Amino acid sequence: KAMSTSEAERKSFPAREGIGSSSSKIHERCVKRLDRALKRSAYVKFMLDAMKKIGCEVDVKKHLVCEPCSGRVLGGFDPRKHQIVLCENTISSQGFMEGTLTHELVHAYDHCRANVDWTDLKHLACSEVRAAN
């Protein structure tokens, strides 16, 4: 039986469906793509190094998770849990994994460095512009 997603988790990252609602094959493919991105992507390595330099080292097992998501979302940053959620049911290639992970790492960096208020649309827009470039 799938674990339920708490109300706080849904508020923090609304697309989160909860662990266990997609097949183990889909989950394992996501984990393999994540591992490949961590080892091979220059952008991902750069962002992880930048976060470490400002005192926000990423614990891969704790802060990067593959989970099923609703809709067409590829991933998201959950500021409450300090996690990057990679949507295992929508990330359909290695390129999407690397692009999504890099994008969400920018949000995680901003959260650590600037103490972003994610309910403030100006803060959100600034981080989205940074993450898009």
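Biologist: Leaving aside neighbours within four places in sequence, what is C112 in contact with?
Modeller: Beyond those neighbours, C112 is in contact with I54 and C56. Keep in mind that this is a predicted model.

Biologist: Noted. Where does C112 sit, and is C112 buried or exposed, or in between?
Modeller: C112 belongs to helix 5. With a relative accessible area of 29%, C112 is partly exposed.

Biologist: And how far is C112 from M51, in sequence and in space?
Modeller: C112 and M51 are 61 residues apart in sequence, and their C-alpha atoms are 8.1 Å apart in space.

Biologist: What about D110 and M51?
Modeller: That pair is 59 residues apart in sequence and 9.4 Å apart, C-alpha to C-alpha. D110 is also found in helix 5.

Biologist: Why does D110 count as buried?
Modeller: Because its relative accessibility is 4%, and buried means under 20%.

Biologist: Which residues does D110 touch, not counting those up to four places away in sequence?
Modeller: D110 touches N115, V116, S127 and R130 on that count.

Biologist: Let's follow S127. Where is S127, and what does S127 touch?
Modeller: S127 lies in helix 6. Not counting residues up to four places away in sequence, S127 touches V106, H107, D110 and W118. At 1% relative accessibility, S127 counts as buried.

Biologist: H107 is on that list. Is H107 buried or exposed?
Modeller: H107 is buried, at a relative accessible area of 3%. The place of H107 is in helix 5. Its contacts, leaving aside neighbours within four places in sequence, are F77, W118, S127, E128 and A131.

Biologist: New topic: the core. Which residues touch the most other members of the largest nonpolar core?
Modeller: I84, L86, L101 and L105 do, in a core of 24 residues. Helix 2 (24-40), helix 3 (42-53), strand 1 (64-67), strand 3 (83-87) and helix 5 (94-114) each supply at least two residues of this core. Helix 5 gives the largest share, six residues. In soluble globular proteins, nonpolar side chains tend to be buried together.

Biologist: Take I84 then. What is I84 in contact with, leaving aside neighbours within four places in sequence?
Modeller: I84 is in contact with H63, L64, V65, G76, F77, L101, E104, L105 and A108. L101 and L105 are, with I84, among the core residues that touch the most other members.

Biologist: How do helix 2 and helix 3 pack?
Modeller: They pack at an angle of about 75°, with their axes 6 Å apart. That makes helix 2 roughly perpendicular to helix 3.

Biologist: Which residues meet there?
Modeller: A37, L38, K39 and R40 in helix 2 meet A42, V44, K45 and L48 in helix 3. The residues of this contact divide into five nonpolar, no polar and three charged.

Biologist: Let's zoom out. How many helices and strands are there, and in what pattern?
Modeller: The protein has six helices and three strands. Along the sequence the pattern reads α-α-α-α-β-β-β-α-α.

Biologist: How many residues does the protein have, and what share count as buried?
Modeller: There are 133 residues, and 42% count as buried. Among contacts between residues at least 6 apart in sequence, 55% join residues at least 24 apart.

Biologist: Last one: where is confidence lowest, and where highest?
Modeller: Confidence is lowest in helix 1 (residues 7-12), at a mean of 57, and highest in helix 3, at 97. The protein averages a pLDDT of 88, and 83% of the residues score at least 70.

Notes
Residues are numbered from 1 along each chain as its sequence is written. This is a predicted model: local features need pLDDT of at least 70, side-chain atom pairs count only at pLDDT 80 or more; totals for chains, interfaces and linings use all residues. Side-chain values use heavy atoms; hydrogens and water are left out. A nonpolar core is a set of buried Ala, Val, Leu, Ile, Met, Phe, Trp, Tyr and Cys residues joined through side-chain atoms within 4.5 Å. Buried means under 20% relative accessible area, exposed over 50%, partly exposed in between (1.4 Å probe, protein chains only). Helices (H or I, at least four residues) and strands (E, at least two) are DSSP runs, numbered from the N terminus. Contact means heavy atoms within 4.5 Å. pLDDT is the predictor's confidence in each residue, from 0 to 100. Axes are lines fitted to C-alpha atoms, for helices over the stretch in contact, and angles run from 0 to 180 degrees between N-to-C directions. Angles under 35 degrees count as roughly parallel, over 145 as roughly antiparallel, 65 to 115 as roughly perpendicular and the rest as oblique. Ala, Val, Leu, Ile, Met, Phe, Trp, Tyr, Cys and Pro count as nonpolar, Asp, Glu, Lys and Arg as charged, and the others, Gly among them, as polar.
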